[in-house]
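Biologist: I would like to learn how to read a structure model. Can you take me through it?

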Amino acid sequence: ENLQEVRDNLKKGNWDHAVVVPEPYPELCTRQVLVMEYLQGKRLVDGLREQYARVAAKQGKTLEELEEEQKEKLRRGEEPPSASYIRWMGRLLLVVDTFSNIPKMLYNCTVGLLRGHYKTLVWSEQPINLREILDTLLQVHGHEMFIDGSFNADPHPGNILLLSDGRLGLIDYGQVKRLPDSYRIAHAKLIIALAKGDNDEVVRVFTQDGGVVTRDMNHDVLWRMATFWHDRSTDDVTHGLNIHLFLEWLQKTDPVVSLPDELVMTGNAAMLLRGMGLAFGIPLRTSVAWEPYARKALQN
């Protein structure tokens with residue numbers, strides 16, 4: 001039921017060009033077994049590690065050495081290449097390979113054709129555009145939350161496949177959350193306020209519309225809590241603390257009395273999606289990615 005609902009919603013939203021949700025076969029399903037369409041691909045993490053291992057091997061390094069180099073760059077504050085740069089590099093590789101293969105192509109169309117012997121064309125491996133993948137995931141989940149009102153609250157990397165045709169496969173919809181219109185509107189207002197940097201409006205929506213209650217209703221704590229769960233975990237929000245210590249600080253400073261399930265589930269999805277980016281050194285802001293969908297939800 002969950003799988004079919006999300007699949008139908010994304011097809012109506014014209015996401016077929018970017019993502020695939022497997023089709024379920026209800027007539028073959030039982031209480032213990034879920035039968036669905038098989039998607040040909042690899043888990044996102046496996047696909048990335050395999051490509052990085054090949055890149056490392058070409059450079060005469062191990063995967064671990066390459067990973068350590070990337071971590072050192074992040075510690076120095078160097079950002080990974082943008083999605084547009086990786087797309088440009090992919091096109092450049094294709095152009096270079098095409099020119100390199102021209103002599104072989106000419107041979108195959110002339111001498112090779114007569115002799116029945118053909119030279120193998122060599123094509124470079126196209127880089128996996130991780131930024132573009134993460135952007136697609138954010139956009140799809142923004143559409144699910146604000147346009148459809150039902151979304152996968154557990155979008156971890158193990159539920160994402162790199163398909164052979166270049167699209168993303170989205171699987172495991174056991175944690176689908178359906179949002180009532182009242183909360184969808186409240187969440188949309190919160191995301192817009194976060195994107196605008198309107199801290200007072202963030203706290204107002206978080207408490208009055210979202211229903212969050214803390215012991216002291218501390219304005220600063222409420223702003224940091226809303227921003228951390230629904231937008232970003234930068235040092236200006238967390239005081240430079242790691243996630244565990246920051247959550248302890250929040251609870252110690254102004255304990256939560258009431259936190260609606262809808263806020264928990266949308267915040268969890270936002271955290272998991274951002275966590276994928278942070279794992280590869282790519283900081284993300286969910287409010288910036290989701291603001292257009294939030295505005296559309298309010299217009300509708």
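The talk below covers the sheet first, then the aromatic rings.

Modeller: This is a predicted model: local features need pLDDT of at least 70, side-chain atom pairs count only at pLDDT 80 or more, and totals for chains, interfaces and linings use all residues. Residues are numbered from 1 along each chain as its sequence is written, and side-chain values use heavy atoms, without hydrogens or water.

Biologist: What is the strand order in the open sheet?

Modeller: Two strands pair if DSSP finds at least two bridges between them. Helices (H or I, at least four residues) and strands (E, at least two) are DSSP runs, numbered from the N terminus. Here the order is β1-β5-β4-β2, with mixed pairing. The edge strands, β1 (19-20) and β2 (41-43), each pair on one side only. β4 (160-163) and β5 (168-170) run antiparallel, joined by three bridges.

Biologist: How are aromatic pairs described?

Modeller: By the distance of the centres and the angle of the planes. Rings of Phe, Tyr and Trp (its six-membered ring) pair if their centres lie within 6.5 Å; planes under 30 degrees apart count as stacked, over 60 as edge-to-face and the rest as tilted. This structure holds four such pairs. F146 and W290 have centres 6.1 Å apart and planes at 65°, so they are edge-to-face. F146 is in helix α6 and W290 in helix α13, 144 residues apart.

Biologist: Is W290 buried or exposed?

Modeller: Buried means under 20% relative accessible area, exposed over 50%, partly exposed in between (1.4 Å probe, protein chains only). W290 is buried, at 0%. F146 is buried too, at 1%.
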